[in-house]
Amino acid sequence: MSMITVPNRPFSTDRITGLMLPDGIFESTLGKQRINAQFKNVGASTVNNTQIYIESVSHPGIVFTPTTYLLNTLTSGAVRVFSWEADFSAVPPGVHYISFISENAAGRNRTIKKIFVTRVTFDPATKTFSAQTPEGVIEVQFEDLVGPKTAPCCCKRHRKPPNRERNFLSVLSAFTDHRDDFEFCLPGYLPHRFRVGVSPNPPFAGQYGDLPFEDPWWKIILCIIAALLLIAAAIAEAVDGSGEITVSGGSSDGDSGGDCCGVRGEGSGTSYVAAGLTAAAAAVATAAALSDARDPFRRGQDNTLPAAGEVTTAELLEATISYPEPVALGRPFAAHAKWEYTRVTTGASYNYSVSETNNNIHTLSRYQITAPDVVRLYKRELFIVRAEFFDEEDRPLRGGDLFVQCFLVGPQGQFRSFGLQDDGINPDDKPSDGIYTGVYLFSREKDPRGLWKYFVIAQDINTAQPNMTPEEAAQIIGGMVVTHQLTISFTGGECPLVPDGDVNVIG
């Protein structure tokens with residue numbers, strides 16, 4: 001039997017920015033996205049000539065493009081990531097399953113993994129975002145967003161009166177091809193004041209309800225909504241200037257500590273990176289403020305014991321997040337949250353409030369990138385990128401610890417990406433040594449000459465295992481960006497995107 005298995009839950013990457021969605025959860029509103037899965041050799045010896053493919057999915061609405069990968073060799077303990085194109089437009093929210101096959105001369109191994117799928121909708125009449133899960137519906141109203149006091153000039157140029165009847169989430173599934181004229185320009189980025197309601201399905205007796213998908217906190221669904229909001233708004237703004245993201249109040253810096261700097265892409269390629277990193281910042285800031293350890297809904301349940309015989313029919317959360325420090329991806333910034341939880345039962349309402357400061361824990365102490373400064377096409381040189389990452393205690397991260405990609409932005413607005421792996425397969429030298437390696441062939445481009453910027457972006461992985469309790473699994477959150485290409489400060493000006501380097505491609 002093949003000794004290759006899938007150790008962690010497969011995860012989604014969106015086709016617009018290329019980044020993993022918060023906690024790797026699939027979102028049907030996006031339509032097309034990628035199914036990514038890690039494959040690990042759990043045997044004691046190297047395996048050779050192994051075919052990897054998706055055998056089947058549990059719902060016919062998951063329409064994937066069949067692709068078979070040939071794994072020539074994978075040493076013991078090594079991990080490799082493979083991806084499949086898929087359309088989730090017709091998939092109902094819930095827990096679904098994917099069956100993966102690894103097959104070689106030693107036999108065949110089937111690994112069935114569950115995935116989580118949400119469906120986010122937007123009601124322009126009530127300015128409410130909703131996401132369905134098997135355990136209930138979460139509804140979110142963003143009353144205010146933190147943004148620059150002075151809107152970026154591109155927004156002023158494009159701005160149209162918001163169409164009150166328009167559901168701009170529809171641009172997500174319609175945006176299938178990269179556009180050269182995509183200019184990232186938004187007047188607000190970070191959640192500030194918002195209201196969240198959860199309608200449990202069914203209403204529950206006792207103190208505690210089920211977690212969504214019996215795994216993540218409700219706040220992770222909130223993070224997904226925040227990320228989708230920004231990506232959709234950025235596209236709507238670029239398409240026709242209607243990406244107004246103030247959905248129920250006025251965008252301002254509020255008590256965030258000052259004037260938020262403005263994120264702006266320089267040309268279409270950089271704009272995709274800007275959109276992805278800004279959405280990632282919104283997600284990680286929300287997660288940090290509301291605590292990874294135990295989210296406000298669970299803590300509210302901890303502290304509001306209903307009377308005997310009462311049934312909880314609704315839960316509400318009103319929250320204000322402020323930012324005493326710059327929101328820096330991959331660094332331990334502080335975020336302050338003041339929130340009030342309300343439990344509504346068949347007999348009474350109960351309240352619990354908190355005001356506290358938490359820190360982002362999705363961090364690296366440092367990382368380093370090695371790549372050539374020049375690629376000579378006439379010598380058919382390869383662009384090989386090597387990256388090392390170190391956790392908060394300066395321990396190297398290896399193999400399946402991270403999902404790593406390199407994004408290339410070309411002089412004509414080209415936007416390309418490729419993965420980096422730590423699996424010992426060419427061009428990577430050695431498996432699980434903490435050096436992630438990837439390669440790009442500029443010679444495949446029609447005319448790649450010129451100066452390209454590159455961003456090496458790493459995201460952490462949800463490593464929750466089936467034998468964990470829902471409470472244990474919920475405290476493991478993946479999909480957060482841990483590298484340092486964007487810092488949103490509150491002193492005005494611009495928030496520059498920081499590439500990891502440039503490469504000059506010459507003929």
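In which strand is the place of Gln33? Gln33 has its place in strand β4, which covers residues 32-41. The legends below describe close-up views of a predicted model.

**View B. A nonpolar surface patch formed by Met1, Met3 and Val42.**
Together, the three residues of this patch present about 280 Å² of accessible area. Met1 belongs to the segment that precedes β1 (4-5). With a relative accessibility of 56%, Met1 counts as exposed, because the class requires a value over 50%.

**View C. Strand β5 and its pairing with β7 and β9.**
Strand β5 comprises residues 47-57 and strand β7 residues 69-74; the two run antiparallel and are joined by 5 bridges. Within this pairing, Thr50 has Leu71 of β7 as its bridge partner. Strand β9, spanning residues 94-104, is also antiparallel to β5, and 6 bridges connect the two. Here Ile54 is found opposite Phe100 of β9.

**View D. The salt bridge between Asp23 and Arg9.**
The whole structure contains 21 salt bridges, and this view shows the one in which the side chains of Asp23 and Arg9 meet at 3.3 Å, N to O. Asp23 is located in the loop between β2 (11-14) and β3 (26-27), and Arg9 in the loop between β1 and β2, so the pair ties together parts separated by 14 residues in sequence. Both partners fall in the buried class, which is set at under 20% relative accessible area: the value for Asp23 is 3%, and that for Arg9 is 11%.

**View E. The salt bridge between Arg110 and Glu55.**
Side chains of opposite charge can pair when their charged atoms come close. In this view the side chains of Arg110 and Glu55 meet in a salt bridge of 2.7 Å, N to O. Distant parts of the chain are linked by this pair: Arg110 lies in strand β10 (residues 107-123) and Glu55 in strand β5, 55 residues apart. Arg110 counts as partly exposed, with a relative accessibility of 44%. Glu55 is likewise partly exposed, at 30%.

**View F. The salt bridge between Arg80 and Asp423, with a note on the network around Glu55.**
The side chains of Arg80 and Asp423 form a salt bridge of 2.4 Å, N to O. Arg80 is part of strand β8 (residues 79-87), whereas Asp423 is in the loop between β24 (415-420) and β25, so the contact ties together parts that are 343 residues apart in sequence. Asp423 has a relative accessibility of 1% and is therefore counted as buried.

**View G. The hairpin of strands β23 and β24.**
Strand β23 (residues 402-409) runs antiparallel to β24, with 6 bridges between the two. Val404 stands opposite Leu420 of β24. The hairpin has 5 residues between its strands, and Gly413 in the turn adopts a positive phi of about 85 degrees.

**View H. An open antiparallel sheet of 3 strands.**
The strands of this sheet are arranged in the order β20-β22-β25. The edge positions belong to β20 (366-370) and β25 (435-440); each has a single partner strand, so one side of each is left without a neighbour in the sheet. From one strand to the next, the twist averages 20 degrees. Strand β22 (residues 383-390) is joined to β25 by 6 bridges, and the two run antiparallel. In this pairing, Ile384 is located opposite Val439 of β25.

Notes:
Residues numbered from 1 in each chain as written. Predicted model: local features only at pLDDT ≥ 70, side-chain atom pairs only at ≥ 80, totals over all residues. Heavy atoms only, no water. Pairing = 2+ DSSP bridges. Helix = DSSP H or I, 4+ residues; strand = E, 2+ residues; numbered from the N terminus. Axes fitted to C-alpha atoms, helices over the stretch in contact; angles between N-to-C directions. Patch = residues over 30% accessible without salt bridge, like charges linked within 9 Å, V, L, I, M, F, W, Y side chains within 5 Å. Areas by Shrake-Rupley, 256 points an atom, 1.4 Å probe, with all protein chains shown as cover. Salt bridge = Lys/Arg side-chain N within 4 Å of Asp/Glu carboxyl O. Buried < 20%, exposed > 50% of the residue type's maximum accessible area, 1.4 Å probe, protein only.
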